[in-house]
Amino acid sequence: MNILAIGDVVGAGGCAFLRAHLPALKKMNGIDVCIVNGENSAPGNGITPASAQELFTSGADVITTGNHVYRRREVYDYLDETEFLIRPANYHSDCPGHGYQILDKGRVRVAVINLLGVAFLEPLENPFDCVDRLLRKEEILDCRIKLVDFHAEATAEKRALSFYLDGRVSALFGTHTHVQTADEQILPQGTGYITDLGMTGEIQSVLGVRPPLAIEKMRKGMPVRFENGDGPCMLCGCIFEIDDRTGKTTQVQRISIQ
């Protein structure tokens, strides 16, 4: 089975670039499941029902999110109502939405788990404990393929969780830092891994934000309303080829389209 994971889609430009390139990318690579991180898909940041719907119609099977998932209040009910839009599982159980979803592909069931790191981010449930709890659930145990989007700031936290889960999940891919890393690999027990998928958004930007605004914020420390630019974009992600019988990754291919 070929799994395509797409890094954080940023703003209207990122959504438009995804829509223009994702269908052909899926067809060319025989993609069975496409996971897109959409937590910055709305203008500025966050996710709205409209931006989520755009990602779905572009070809996303599951949309994952991160620390900006609750930035827009209009998405709260949509998170509860839309089964294939998920938020980090280690948010409190009373928060809108759900932290994992299962895709039934007939010959195999695929569990997609979303987690948020706690190093330099929010003081949520420990992601190691959270994923242990989820992997004990009968419906997830029944899935031969298990995928984790770990939305985290610290490289060390991503690396540590990947080794902790090596052999227990099919693939773990990092999101959040918006810069694609060149460390795609298969860990010793068969788990596919990359520290960060990268970003789908404007190339000449600071993580999708217009550079003058990011510079002003960092230089002066004053509140700044971030805006997305409208220049040429890129699409970044990774393809994991996973054995249906074993649930192990057999090949990892990093992708970047401009």
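Biologist: Take a close look at Glu-74: which residues is Glu-74 in contact with, leaving aside its neighbours within four places in sequence?

Modeller: Glu-74 is in contact with Thr-48 and Pro-49, once neighbours within four places in sequence are left aside. This is a predicted model. Glu-74 sits in the loop between β4 and α3. Its relative accessible area is 46%, so Glu-74 is partly exposed. Ala-50 is 24 residues away from Glu-74 in sequence, and the two C-alpha atoms are 9.9 Å apart.

Pro-49 brings in the next element. Helix α2 covers residues 49-58. To place that helix, start with the strands. β3 (residues 33-37) and β4 (residues 62-64) run parallel and share three bridges. Val-36 has Ile-63 of β4 as its bridge partner. From β3 the chain passes through α2 to β4, and this β-α-β crossover is right-handed. On the other pairing, β1 (residues 2-6) is parallel to β3, with four bridges between them. There, Leu-4 stands opposite Cys-34 of β3.

β3 itself is largely enclosed by the rest of the structure, because five of its five residues are buried. Both faces are covered. Val-33, Ile-35 and Asn-37 are buried on one side, and Cys-34 and Val-36 on the other.

Asn-37 deserves a separate look. This residue lies in β3. Its relative accessible area is 1%, so Asn-37 counts as buried under the 20% cut-off. The side chain of Asn-37 makes two polar contacts to consider. One, of 3.4 Å, joins Asn-37 to the side chain of Thr-64. Another, of 3.5 Å, goes to the side chain of Thr-175. Beyond four places in sequence, Asn-37 touches Ile-6, Gly-7, Asp-8, Val-9, Thr-64, Thr-65, Asp-149, His-151 and Thr-175.

Now go back along the chain to helix α1. α1 spans residues 11-29. At 1.5 Å a residue, its 19 residues should span 27 Å; the end C-alpha atoms are 26 Å apart, which agrees. There is also a kink of about 40° at His-21, shortly before the proline Pro-23. The buried residues of α1 include Gly-14, Cys-15, Phe-17, Leu-18, Leu-22 and Leu-25. An α-helix has 3.6 residues a turn, so residues three or four places apart point the same way. Gly-11 and Lys-26 are buried too. Just after the helix, Gly-30 has a positive phi of about 60°.

Gly-99 counts as buried because its relative accessibility is 9%. Not counting residues up to four places away in sequence, Gly-99 touches Ile-86, Arg-87, Pro-88, Ala-89, Val-112, Ile-113 and Asn-114. Pro-43 is 56 residues from Gly-99 in sequence and 24 Å away in space, C-alpha to C-alpha.

Helix α4 takes up residues 127-135. At its start, a side-chain oxygen of Asn-126 comes within 2.8 Å of the backbone nitrogen of Phe-128. Buried in α4 are Pro-127, Cys-130, Val-131, Asp-132, Leu-134 and Leu-135. The cover over these buried residues includes β5, β6 (109-116), α5 (138-141), β7 (145-151) and α6 (155-165).

The last stop is a hairpin. β12 (residues 233-242) and β13 (residues 249-257) run antiparallel, joined by eight bridges. Ile-239 has Gln-253 of β13 as its bridge partner. Six residues lie between the two strands, and Gly-247 in this hairpin takes a positive phi near 75°. Asp-244 is in the loop between β12 and β13. Its relative accessibility is 17%, so Asp-244 counts as buried. A polar atom of the Asp-244 side chain lies 3.2 Å from the backbone nitrogen of Met-1. Asp-244 also touches Arg-107, Val-108, Arg-144 and Ile-145, among its contacts beyond four places in sequence.

To return to the request: Glu-74 is partly exposed, whereas Asn-37, Gly-99 and Asp-244 are buried.

How values were computed: Residues are numbered from 1 along each chain as its sequence is written. This is a predicted model: local features need pLDDT of at least 70, side-chain atom pairs count only at pLDDT 80 or more; totals for chains, interfaces and linings use all residues. Side-chain values use heavy atoms; hydrogens and water are left out. Two strands pair if DSSP finds at least two bridges between them. Buried means under 20% relative accessible area, exposed over 50%, partly exposed in between (1.4 Å probe, protein chains only). A polar contact is a pair of N or O atoms within 3.5 Å; within protein, one must be able to donate a hydrogen and the other to accept it, and residues adjacent in sequence count only if both atoms are side-chain atoms. Contact means heavy atoms within 4.5 Å. The expected span of a helix is 1.5 Å times one less than its number of residues. The bend at a residue is the angle between axes fitted to the seven residues ending there and the seven starting there. A crossover is right-handed if, with the strands pointing away from the viewer, the path from the first strand over the helix to the second runs clockwise.
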